[in-house]
Amino acid sequence: MLLETKNLTRYFGGVKAVDGVDIEVKEGTIKGIIGPNGAGKTTFFHLLSGHLPPQKGWIKFKGEIINHLPPFERARKGIGRVFQQPSPFENLTLMENILISLDISNSPSLFTSLLRLPSLGKSEKEKEKQAIEILHFLNLEKKLHHFPSSLTHFERRKMEIGRVLALNPSLLLLDEPTAGLSYREKEEIKEIIWELKEKGLTILVVEHDMELITDICEEVVVLNFGKKIAEGSPWEIKNNPLVKEVYLGEEYASGS
Amino acid sequence: MRKELKGLVIFFGLIFLFPLLVKSPYYIGVLVFWGIYSIITLGLTILMGYAGQISLGQAGFFAVGAYTSGILTTRFGLPPWLGILAGLGLSLLLSLFLALPSLKLKGHYLAMATLGFGEIVHVVLNAWVGVTGGPSGFGEIPALSFLGWKLDSEMSFFYFTWGWVFLFFLFSLSLLKSPYGRALRSLHAEERIPLSLGVNVYFYKVFAFLWAAFYASFAGSLYAHFMTFLSPSSFTLILSILLVLMIVVGGLGNLWGALLGAGILTFLPEILRTFEDFEMLIYGTFLILVMIFLPKGLVSLRRGKVATGD
Ligand SMILES: Nc1ncnc2c1ncn2[C@@H]1O[C@H](COP(=O)(O)OP(=O)(O)OP(=O)(O)O)[C@@H](O)[C@H]1O
Ligand SMILES: [Mg+2]
C-alpha cells in the first residue's frame, strides 16, 4: 500500500468533519472520493497533507507513519496536493511558480547563490529545462513569463497541477480539479490524469462530476458527514442504494 | 541581472561623482546618512517587501550594531572590524531569539512583538549606565581606517559607506535572483501554499529576520564610527517607523525602492527646514499624497525600468 489511513478523525467543535475513515490506496491506482457538500472531503485532504492535525487515527505513507510530519516534509516525501480553491503565487511568473518546487530537490548553497558561482547558473538552467518540459506537457509553454493574474481559470488550474508535478510526487491529491471548467477543458484534464497514471503516479481525486469519476477511477470511496459509507468500483457505487439515497436526498433538498 | 547591473553602474557612478561636484561637507554628510539608512532598508525590504513580514524594531538592531562596536572599540580598545563582527554576531543571535517565537505571529501581533524588541533595546541603552553611558551616551569612538586610509573626513567616509551600499545592494540582488529569493517571495501567499510545495516556510521567515538584522547591525556600526558619539535618542521607535516608511514610500518589494525611499526621507527634512513652522505639515502631506496616488511607492513611476525580482 502506498497510502493507508486508520480511524482518521477530525472534529471542528461539534462537527465531525472526518469521522473514523479507513482507506487504502494501492500504488499506481486512481481512487475517487465523492460525497455531498460538507461531507469532509477537503478536510480529509488537509489531514493527509498535514495542513491539519487529526484528533485520532494514523496515516501511513510508504509504510511509515507520517502523522507528526509538517506539510512541507510530507510534500518532500512525495505527497503532492492541489487545493480546491485557486492558490497561485501571484507575485511569481508561471515559470517561477513551477521553479519553486523544483528548487526543493535542486538548490545550490546560500554561499554559491550570493556569490553567483557558476554552479548556480547550471542548476538554474537544468530547472528551467525541467519546468519547460512540465509546462509543455500541460500545454502552457506559451505563457512562460505571464503572471497568474493574466491566465485563465483553466490555465491557473493546470499551473497548480504543474507546480505539484515539479515535486516529482508519488501520490497526487486533486481536490475538484475540473470544478468550473468547460466540457473541453474537463476532457483535457482527464487526458492529463490518464497520462500521469501511465507514468506510474498514484492519484486520489475528489470530484462532484460522476462521469469523470467513472472514467478515471478504479475505485471510489463515498463520504457523508465525515463517515465512509461505501467503497467499491464506480459501477458498484452507482448502484449502491445507500449512496443513491444520500445523493437523491441532496437533490431533493436543493430542488425544493 | 544584466539589466539591473546597468542601472546600478549608472546610479552608483552618479553617487560617486557627487562629492567631486558638490564640495560642501554638509551635503556629503547628508549623503552618508542616506547610505547608512539605505543599508538598513536594503535588508528590511527583504523581510517586509518579499517575505511579507513586518518589523517595527529595526532601530533595535541598528543600536546593537552601533553600541557593540562603539563600546568594544572605545572602552576595550578592540580593532573596529572586530567590533563590527561582534555587533553582527550579537544582532544575529538576538534576531534568532526574536524570530523563533514570531513564527507563530502574524500582522499586528508580529508588529507588536518586534516593536517590543526595539523598546527593550532602548530601555537597556538608557538603564545600563555603566556600559552604555545611559541617557547622555558616550563619545570619542575612534574613526575607522580602511587599507591604511583613515576615514576621518566626510569625504572619505562617504566613499567607504557607499562602497558598502553597493556591495549590500549586490548581495540582496543576488539573493533575490536565486532559489532563496524565489522561496522568500513565495511567503507572500497564504502559508498553506508554499508549505504544500515543500518550502520550509519557518526556515525562510527566520532567515529573512536574520538578513534584515545583519544589514541593520552593520549600518549601526558604520553610524557609530561616523558620528563618534552615541546616545539612546538616536535609536527610538520613531526611527523604526521611519525605516518602514522609507521602504513603503520607495516601493515595497523593490531594491531600488528601498534606496530611493531612504534618500527621499533623508533629504526631505533637510530641504523642508527652510519652511520652519510648516515643515511637519508638508512632510505629512507628502507622505499622504504618495500613499494615495502611488500606493506602490515612487518606483511605480518608472515601472518596467526597475523590475527587481518581480
Ligand atoms: N476550519 C474549519 N473550522 C470549522 N469547521 C470546518 C472547517 N473546515 C471545514 N469545516 C466543516 O467541516 C465539514 C467538512 O468540510 P469540508 O470542507 O471538508 O467538506 P467538503 O466535502 O470538502 O465539501 P465541498 O464539496 O463543499 O468542498 C463542513 O461541515 C465544514 O463546515
Ligand atoms: Mg471540499
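**Salt bridges, a magnesium site and a chain interface**

Good morning. I begin with Glu124(A), which counts as buried at 12% relative accessibility; buried means under 20% relative accessible area, exposed over 50%, and partly exposed in between, with a 1.4 Å probe and protein chains only. This is a predicted model, in which local features need pLDDT of at least 70 and side-chain atom pairs count only at pLDDT 80 or more, while totals for chains, interfaces and linings use all residues. Residues are numbered from 1 along each chain as its sequence is written, chains are lettered from A and ligands numbered from 1 in the order in which they are written, and side-chain values use heavy atoms, with hydrogens and water left out.

The partner of Glu124(A) is Lys127(A), and their side chains meet in a salt bridge at 3.4 Å, N to O. By salt bridge I mean a side-chain nitrogen of Lys or Arg within 4 Å of a carboxyl oxygen of Asp or Glu. The two residues are separated by about one helical turn, because they stand three residues apart in helix α5 (residues 118-137) of chain A. Helices (H or I, at least four residues) and strands (E, at least two) are DSSP runs, numbered from the N terminus. Lys127(A) is buried as well, at 0% relative accessibility.

Over all chains, a search of the whole structure finds 21 salt bridges. Which residue does Lys158(A) meet in a salt bridge? The partner is Glu188(A), at 2.8 Å, N to O. Lys158(A) lies in helix α6 (residues 153-165) and Glu188(A) in helix α7 (residues 183-198) of chain A, so this pair ties together parts that are 30 residues apart in sequence. Lys158(A) is buried, with a relative accessible area of 3%, whereas Glu188(A) is partly exposed at 24%.

Helix α7 of chain A also holds Lys190(A). Lys190(A) forms a salt bridge with Asp215(A), and the closest N and O atoms are 2.5 Å apart. This pair links distant parts of the chain, since Asp215(A) belongs to helix α8 (residues 210-216) of chain A, 25 residues away. Lys190(A) is buried at 6% relative accessibility, and Asp215(A) is partly exposed at 35%. Elsewhere, salt bridges that share partners join Lys31(A), Glu219(A), Lys228(A) and Glu231(A) into one network.

I turn to the metal. The magnesium ion, ligand 2, is coordinated by OG1 of Thr42(A) and OE1 of Gln84(A), at 1.9 to 2.1 Å. Thr42(A) sits in helix α1 (residues 41-49) of chain A, and Gln84(A), 42 residues apart from it, in the loop between β6 (79-82) and α3 (94-105). Donors are N, O and S atoms within 2.8 Å of the metal (3.2 Å for Na, K and Ca); water is not among the atoms, so sites may look incomplete. Both residues are partly exposed, Thr42(A) at 22% and Gln84(A) at 34%.

Next, the interface. How many residues does each chain bring to the contact? Chain B brings 27 and chain A 33, where contact means heavy atoms within 4.5 Å. The area buried between them is about 2,600 Å², of which carbon and sulfur atoms give 65%; buried area is the accessible area (1.4 Å probe) that two parts lose on being put together, summed over both. In chain B, Arg182(B), Arg192(B) and Leu197(B) lose the most area to chain A, together 28% of what that side buries.

Across this interface the rule finds three salt bridges. Arg185(B) forms a salt bridge with Glu96(A), with the closest N and O atoms 3.2 Å apart. On the side of chain B that touches chain A, α7 (154-176), α8 (179-186), α9 (192-196) and α10 (201-227) each supply at least two residues. Of these, α8(B) gives the most, with six residues.

Finally, one residue within chain B. Tyr283(B) lies in helix α13 (residues 279-293) of chain B and is buried, with a relative accessible area of 13%. Leaving aside neighbours within four places in sequence, Tyr283(B) is in contact with Leu242(B), Leu265(B), Leu268(B), Pro269(B) and Leu272(B). Thank you.
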